[in-house]
Amino acid sequence: MAMENHDAHDLGLPHDLDVMGRKEVGRRQTLWLLLSGASVALVAACGGDDSTGSSSDSGAGTTTATPTPSPTPTPTPASTSGSCAVTPAETNGPYPADGSNSANGSVVNALIQSGIVRADIRPSFGSYSGTADGITTLLTITLVNTNGSCAPLAGYAVYIWHCTRSGQYSLYDLPQQNYLRGVGVTDSNGQVTFTTIFPGCYSGRYPHIHFEVYPSLDKATTYANRVLVSQFAMPADACNTVYATSAYATSKTNFASITTANDNVFGDNSTAQITAMTPVMTGDITNGYTGSVTVGLAV
């Protein structure tokens with residue numbers, strides 16, 4: 001797939017993660033200290049304006065970053081097993097905060113920070129404060145095995161991240177925020193649910209949500225352990241409705257000139273793949289949106 005041209009233990013989880021977290025915190029913080037001295041060249045800048053004073057628009061300065069080169073995904077055939085399909089790989093973009101790149105001279109890895117495992121990703125966590133503004137969106141991801149009659153995959157960790165309603169990414173464009181990022185673990189039904197906001201649309205990209213899948217929570221500490229990296233495409237009808245609101249005014253302008261067909265990431269996917277990668281959403285701008293999407297892994 002083409003690379004992006006724009007570019008980015010929660011208390012709500014079951015109590016057993018608290019016990020597990022006591023052991024993980026030290027290891028994750030130690031990893032952060034080891035990685036924080038690393039540096040790579042920063043060349044790409046992120047656009048989109050956020051109004052001063054808004055909790056989703058706070059953060060000192062703007063940082064640039066370039067992802068560490070990794071194998072470039074190629075178009076994935078829409079291979080199927082039963083009624084599910086393998087989800088195609090996509091770029092993680094310039095703002096993943098998964099340990100694959102740097103900002104301000106240090107490796108950015110939110111995965112090793114205490115608090116990243118959470119269901120509600122709207123607030124910042126740890127030493128950061130602030131909450132991303134936008135239309136509330138509840139997204140349920142179902143992970144299935146395409147080599148096992150679409151059986152649910154339990155115990156996998158899913159990391160998601162996306163931009164603000166104004167098209168900016170925490171930890172990069174907004175270095176004093178780490179919201180709109182979170183990790184969850186799939187249950188016995190292969191499902192994990194996140195509460196977030198409807199993402200904005202910035203120039204040059206179709207509206208999307210990034211995600212990575214890891215074989216377990218223990219492995220979800222660095223991009224090197226992921227078994228899939230991809231993106232969800234937001235439904236066009238919901239985009240049109242959300243972007244018609246004043247808070248998403250910039251997104252409305254940007255969305256008018258982009259489709260999945262001319263997007264530099266989704267553009268080489270088949271119609272069937274785009275359909276599978278687009279959450280089915282219901283709701284409205286007053287009550288928020290609820291979405292569901294299935295991710296297929298050949299295990």
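Both Phe198 and Tyr289 are buried, where buried means under 20% relative accessible area, exposed over 50% and partly exposed in between (1.4 Å probe, protein chains only). This is a predicted model, in which local features need pLDDT of at least 70 and side-chain atom pairs count only at pLDDT 80 or more, while totals for chains, interfaces and linings use all residues. Residues are numbered from 1 along each chain as its sequence is written, and side-chain values use heavy atoms, with hydrogens and water left out.

As for the overall picture, buried residues account for 52% of the 299 residues in the protein. The protein has four helices and 13 strands, taken as DSSP runs (helices H or I, at least four residues; strands E, at least two) numbered from the N terminus.

Now for the aromatic rings. The structure holds 11 aromatic pairs. Rings of Phe, Tyr and Trp (its six-membered ring) pair if their centres lie within 6.5 Å; planes under 30 degrees apart count as stacked, over 60 as edge-to-face and the rest as tilted. Tyr169 and Tyr202 make an edge-to-face pair, because their ring centres are 6.0 Å apart and their planes stand at 65°. Tyr169 sits in the loop between β7 and β8 and Tyr202 in the loop between β9 (191-197) and β10 (208-214), so this pair ties together parts that are 33 residues apart in sequence. Tyr169 is buried at a relative accessible area of 0%, and Tyr202 is buried at 3%. The rings of Phe198 and Tyr289 count as tilted, because their centres are 5.9 Å apart and the planes are at 55°. With Phe198 in the loop between β9 and β10 and Tyr289 in strand β13 (residues 288-297), that pair ties together parts 91 residues apart in sequence. Ring pairs also link Phe198 and Tyr289 into a cluster with Tyr206, Tyr243, Tyr248, Phe255 and Phe266.

On to the cysteines. The structure holds one disulfide, meaning a pair of cysteine sulfur atoms within 2.5 Å. Cys84 and Cys150 are the partners, with an S to S distance of 2.1 Å. Their link is left-handed, with -100° about the S-S bond. Distant parts of the chain are linked here: Cys84 is in strand β2 (residues 84-85) and Cys150 in the loop between β5 (136-145) and β6 (151-152), 66 residues apart. Cys84 is buried, at 8% relative accessible area, and so is Cys150, at 18%. The sulfur of Cys201 has its closest cysteine sulfur in Cys239, 7.2 Å away, which is too far for a bond. Cys201 is buried at 1%, and Cys163 is buried with a relative accessible area of 1%.

Two further residues round out the picture. Tyr172, in the loop between β7 (157-161) and β8 (181-185), is buried at 0% relative accessibility. Its side chain makes a polar contact of 2.7 Å with that of Asn101; a polar contact is a pair of N or O atoms within 3.5 Å, where within protein one must be able to donate a hydrogen and the other to accept it, and residues adjacent in sequence count only if both atoms are side-chain atoms. Thr87 lies in the loop between β2 and β3 (98-103), and its side chain reaches the backbone nitrogen of Gly296 at 2.9 Å.
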